[in-house]
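Here is a friendly briefing to read alongside the model. Please keep the structure open as you go through the points.

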Amino acid sequence: MGKSLVIVESPAKAKTINKFLGPDYEVTASMGHVMDLPQKSMGVDVEKDFEPSYVVIPKNKKTVSRLKKEAGNKQEIYLAPDPDREGEAISWHLANMLKDINPRIYRVSFNEITLEAVKSAFSNPGSIDLNKVNAQQARRILDRIVGYNLSPLLWKKVGRGLSAGRVQSVTLRLICEREKQITAFDPAEYWLIEAELSKTQDQMKSRGFVAVLVEIKDEKAEISDKKQADSIVSDLKDKCFIIEEIKDKKKTRRPSPPFITSKLQQEAYNRLRFSAHRTMRIAQQLYEGIEVGEKDSQGLITYMRTDSVRVSEAARKQAGSYIAKTYGAKYLPKAAWRYKSKKSAQGAHEAIRPTSVLRSPQQMVKFLTPDQHKLYHLIWNKFLASQMASALISTRSVNIKAGYCLFRVSSSSVIFDGWTVLLEDKEKEKGIPALKEGEQLTLVNLTPTQHFTKPPPHYSDASLIKDLEEKGIGRPSTYAPIIYTILIRDYVRRDGGMLLPTELGIVVTDLLVKHFPEVLNAQFTAEMELSLDRVEEGSKDWVGLLKSFYLPFSKSLDLAKDKMKNIKKEAVPTSEICRECGKPMVIKWGAHGRFLACSGFPECRHTRSITTGIKCPQADCDGEVVKRRSKKGRFFYACTNWPKCKYIARKLPEET
């Protein structure tokens, strides 16, 4: 009996699976998608129900030739790409490509790359889910229609090399609108008053505590200026501070569900400062397999692109046994938690969890890189905590009356730590001395402090993904690529972890919002995502979905070609003189924003970057510092006299 051929996407995944299947199988990699829409043409026949013309991806031609050769002499072919729309589309393309060579083709999928999961999948092979394929195909064609039409429009009106995307441009709009809110924000002054109090007049013997003014004459305390604050402080200095009411409560803190993709990306940023792109790259490594012993490769986590919080019963039982053995039976909930996924979640997937809780982070540290270990530790802790008992917290709220004012102080203490036993950065308990109602306190100090309201913060990877998820824009597999794309296009730049729109990003967004308000509308984009989900469920026709989008879009496109402002032709005069011909320089727009160009164009084609206005730090150099971009999309600062002057830096030097 001949061997069977197994095709996965990556060599790392192939290496892990090969060790599970034995000598009767040959496992190889397709290196991702093998076919796609052509690069140099639209590849979609709008008149023929949006019929796509797929071609072999140029860089994968050798891979395709190899796969065809390997398939010819095999007993059967098993297609094992990832269990999502993209994986299903890869399988469909491979099946169509190989069916004439070997018709015995099966689809296998698994949520984790472990011996048990892989063996189970191969014992029950299935067929390709055409609904998933249609959903992926509809998304790909939608994105091609938008990108293939809007990008050339931007080349004509702003500068060559620009791009627009159906979800990318909506995401950029959120960042630009947040920037405008921050710029337009007018801070308002407000004051807080804190009272430092103690139980006795002998402050050396009594532990003091601080209470905050919360009410003035039975209304919420709102102090707008220093004069009002000083007046209240003056009124209260001679008043008695008496405990009016003490409220004691016990509250439970339930654990949160195990990670889905968006929550993993958010927490990895907040705790580890990992970008979404970095998080998904490391998670892919943990999923596909890590050498955890001599010739022993294991997938350490389940599939990392998911919006479901479902956990298998086997994983739940294993976690329960581990918790009882390691922490004691009291750390198990009375009944296992049942977490609910949102309605649009793919129930076939599980949450992101370790494939075995027995592989603790402490045991895995010697097999993992520092980044891999940090992310694995985060995932392992989150999953184990999600299966543990609630924490029980005691809280006390004390109201203190002083004249016409009410102050409040709160404290908390842990009765039972429950799942929080896993937290490394536990909250400090807020303690206050033993108090009783009617007790009079000693005023140690009364302090007014000035504050100002703050604008909404700039987006970070975490807050942007949270917003995209809440608005229904994109899906688990798209968050990281969206952020990566707008960064590499120089529409957005990172600054201390924050995502700031560039001048170019704002200009492009304003043009698109004006002429394509529906395409740039967050709600419209979210509804389109739901429609794609219905295509995957089999309840919506993908061709009908494309038709409903294309007709209004094409009308907007025709109008924009004539009416959109041509920024490319605008030229702002400057006092700079062209070094080549002596004519005045003007400011123009290009693919990377504004630049200086000779007004004598096209006879003189001299251009140069707009400088930062800071002199080059190098001695005996009369150049200025400009911001440049590397081939990999990274930004750096260099001298205008390059290559004569070799000055280069990552940060802008301070002006001296």
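The protein exposes about 33900 Å², and carbon and sulfur atoms supply 50% of that area; accessible areas come from the Shrake-Rupley method with a 1.4 Å probe, and for residues only the protein chains shown count as cover. This is a predicted model, in which local features need pLDDT of at least 70 and side-chain atom pairs count only at pLDDT 80 or more, while totals for chains, interfaces and linings use all residues. Residues are numbered from 1 along each chain as its sequence is written, and side-chain values use heavy atoms, with hydrogens and water left out.

**Overall build**

- The protein holds 17 helices and 26 strands, taken as DSSP runs numbered from the N terminus (helices: H or I, at least four residues; strands: E, at least two).
- Along the principal axes, the C-alpha atoms fill a box of roughly 90 × 80 × 55 Å.
- Of the 656 residues, 49% are buried, where buried means under 20% relative accessible area, exposed means over 50%, and partly exposed lies in between (1.4 Å probe, protein chains only).
- Among contacts with a separation of 6 or more, 69% are between residues 24 or more positions apart; contact means heavy atoms within 4.5 Å.

**Charge**

- There are 107 positive and 79 negative side chains, and the centres of the two sets lie 4 Å apart.
- Lys and Arg count as positive and Asp and Glu as negative, without His and the chain ends; the place of a charge is NZ of Lys, CZ of Arg, CG of Asp or CD of Glu.
- Asp218, Glu219, Glu222, Glu244, Glu245 and Glu437 form a surface patch of negative charge.
- Patch members have over 30% relative accessible area and no salt bridge, with like charges joined within 9 Å and nonpolar side chains (Val, Leu, Ile, Met, Phe, Trp, Tyr) within 5 Å.
- Glutamate 437 sits in the loop between strand E16 (405-416) and strand E17 (440-452), and is partly exposed at a relative accessible area of 49%.

**Salt bridges**

- The structure has 36 salt bridges, each a side-chain nitrogen of Lys or Arg within 4 Å of a carboxyl oxygen of Asp or Glu.
- One of them pairs lysine 15 with glutamate 291 (3.3 Å, N to O). Lysine 15 is in helix H1 (residues 11-21) and glutamate 291 in strand E13 (residues 290-291), so this pair ties together parts 276 residues apart in sequence.
- Lysine 226 and aspartate 230 meet at 2.7 Å, N to O; both lie in helix H7 (residues 226-236), 4 residues apart, about one turn of the helix.
- Aspartate 371 and arginine 278 are also bridged (2.8 Å, N to O). Aspartate 371 belongs to helix H12 (residues 370-386) and arginine 278 to helix H9 (residues 276-288), so the bridge ties together parts 93 residues apart in sequence.

- Tyrosine 78 lies in strand E7 (residues 77-79) and is buried, with a relative accessible area of 6%.
- Beyond its neighbours within four places in sequence, tyrosine 78 contacts Ser4, Leu5, Val6, Ile7, Tyr25, Tyr106, Val108, Phe122 and Pro125.
- Serine 411, in strand E16, is buried at a relative accessible area of 12%.
- Not counting residues up to four places away in sequence, serine 411 touches Ser394, Thr395, Arg396, Lys430, Gly431 and Ile432.
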